[in-house]
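Q: I have just opened this one and would like a walk through it. Could you take it step by step?

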Amino acid sequence: MPGGLLASESSPTTPLSKHFHDLPDPNQTSSDFCNSFWGGGDRGVEVLFDRMHGAARTMEEVQGFWRERIAIEEEYATKLAELAKLPLGKDEIGDLRVALDTVRAETNAQASRHLTFVQTMKKELEQPSENFISKQNNHKKTFQAAIETSYKAKQTQEKYVEKAREKYESDCVLINSYTAQSTLLQGKELDKIQTRLERAQQTVQASERDYQNFARALGDMCKRWEREWKTYCDQCQTLEEERINFIKDNVWAYANAVSISCEKIRVDLEQVDVEEEVENFVKHYGTGSIISEPVLFIPHTLSSPPGRPKQKVSTFVRSSVIVPLAGPAFAESPLEVGRASGSVLVGNLLDASNQATKHPVDPNDPIARALDALKKGGGVTRNGVGSISSTSAQFTDKGAKVLFHVKALYDYKATTPEEFDFQAGDIIAVTATPDDGWWSGMLLDETRRIPGRTVFPSNFMILY
């Protein structure tokens, strides 16, 4: 990529792209929105508005994609059902007739399965997307509408201050001019200048009053604006983190639903990290943490010109937190360690176990005890009362040591000679856990065990 950017960091061709920059900000030490979107001229406002607008558009595109996919699947199912009704070999007899009848029956069964898949996609993909879009719309109507109103009011007040300042300075220049002329004139000409000077002095008093009042009002408004903008930044960051997590889970659900053909999607989804997405956005679109103080009233009698407007660095503490979203039934990313109905997802189990030494093992926490047992080389199993404990070493019929047992969450069809098929609910004895996620083990159901086939995907499993 030009400039050494990763694909995930490159500038998108959207309204947001005009804000893209590849120059690191040495003062940028936080990835929180509330400390990253300030800067002179409220530059962060337009950036964050464009980001939230683009986020809403992405969700609409995701929902539109699911609708089109559902429509295609529905049309295919309907055509299969119609095809199954067509006559096929009605003049035949014997086994050929039976075979052709089976073709029609299987075609009809395929139609039913595709219709079931349609209902699943509507329930697990389209409807959750619609619900999240409703959440975004509520954010837009409630929070963004309010901050836009405050922002317009602030801009209006700044214009009032600027106009009042210009009028005040213009009147002051006029007074200085009349004062200078009065030293050079006599008689009637001097009287005329004195009259004009008096009128100008009366005018400048009103201008000064307006300037002071507008500047004071702007100061109060800027204090409110800082609080409101900080809160809005927090709300936006939380909504963005939820949105990225939601899309990741939603697409993962789709990949699982269409099974093996979407393994590339799963691989790419594994690279999506919410914290990294937020950091990249702040890195390439952040407008800085410098907050400019509002314009102050400057009397024309000031002996020396004022310096630059004062500035301060935002050091806010983010007050919002992301609430975990309840994803669809098949949307869990099996490579993430977590608690799900008392089970442990095992895709990154070994990584988690390597971190166990950083904290003492809680004897009342079955998850921590299981990881500690695995780290020490013991087996892990679930006993009759639902707790997890290490067991004495077990071995397969080939002499391989059993590390622990896992239970399949989904059906899987082998794609290479080393892999074996399994069904949801099957128990597998794990004998090796390579970092690539393709583990070795043995299906406990001997009737379906095939010699030489020992490899299976760990992201389809939970700890058993």
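Q: How many helices and strands does the chain have?
A: The chain has seven helices and 13 strands, where helices (H or I, at least four residues) and strands (E, at least two) are DSSP runs numbered from the N terminus. This is a predicted model, in which local features need pLDDT of at least 70 and side-chain atom pairs count only at pLDDT 80 or more, while totals for chains, interfaces and linings use all residues. Residues are numbered from 1 along each chain as its sequence is written, and side-chain values use heavy atoms, with hydrogens and water left out.

Q: And what share of the residues count as buried?
A: Of the 464 residues of the chain, 38% count as buried, a term that means under 20% relative accessible area, with exposed being over 50% and partly exposed in between (1.4 Å probe, protein chains only).

Q: Take Gln-136, then: buried or exposed?
A: Gln-136 counts as buried because its relative accessibility is 8%, and it is found in helix α2, which covers residues 94-182.

Q: What is Gln-136 in contact with, apart from its neighbours within four places in sequence?
A: Leaving those neighbours aside, Gln-136 is in contact (heavy atoms within 4.5 Å) with Ala-55, Ala-56, Met-59, Leu-239 and Arg-243. As for Ala-55, its backbone oxygen lies 3.5 Å from a polar atom of the Gln-136 side chain.

Q: Where is Gln-237, and what does it touch?
A: Gln-237 has its place in helix α3, and it counts as buried because its relative accessibility is 2%. Neighbours within four places in sequence aside, its contacts are Ser-31, Asp-32, Phe-33, Val-278 and Arg-318.

Q: Changing topic, where does Asp-445 lie?
A: Asp-445 lies in the loop between β11 (438-443) and β12 (455-457), and it counts as partly exposed because its relative accessibility is 27%.

Q: Which side chain does the side chain of Asp-445 make a polar contact with?
A: The partner is the side chain of Arg-448, at 3.0 Å; a polar contact is a pair of N or O atoms within 3.5 Å, where within protein one must be able to donate a hydrogen and the other to accept it, and residues adjacent in sequence count only if both atoms are side-chain atoms.

Q: How far is Asp-445 from Asp-426?
A: Asp-445 and Asp-426 are 19 residues apart in sequence, and their C-alpha atoms are 7.7 Å apart in space.
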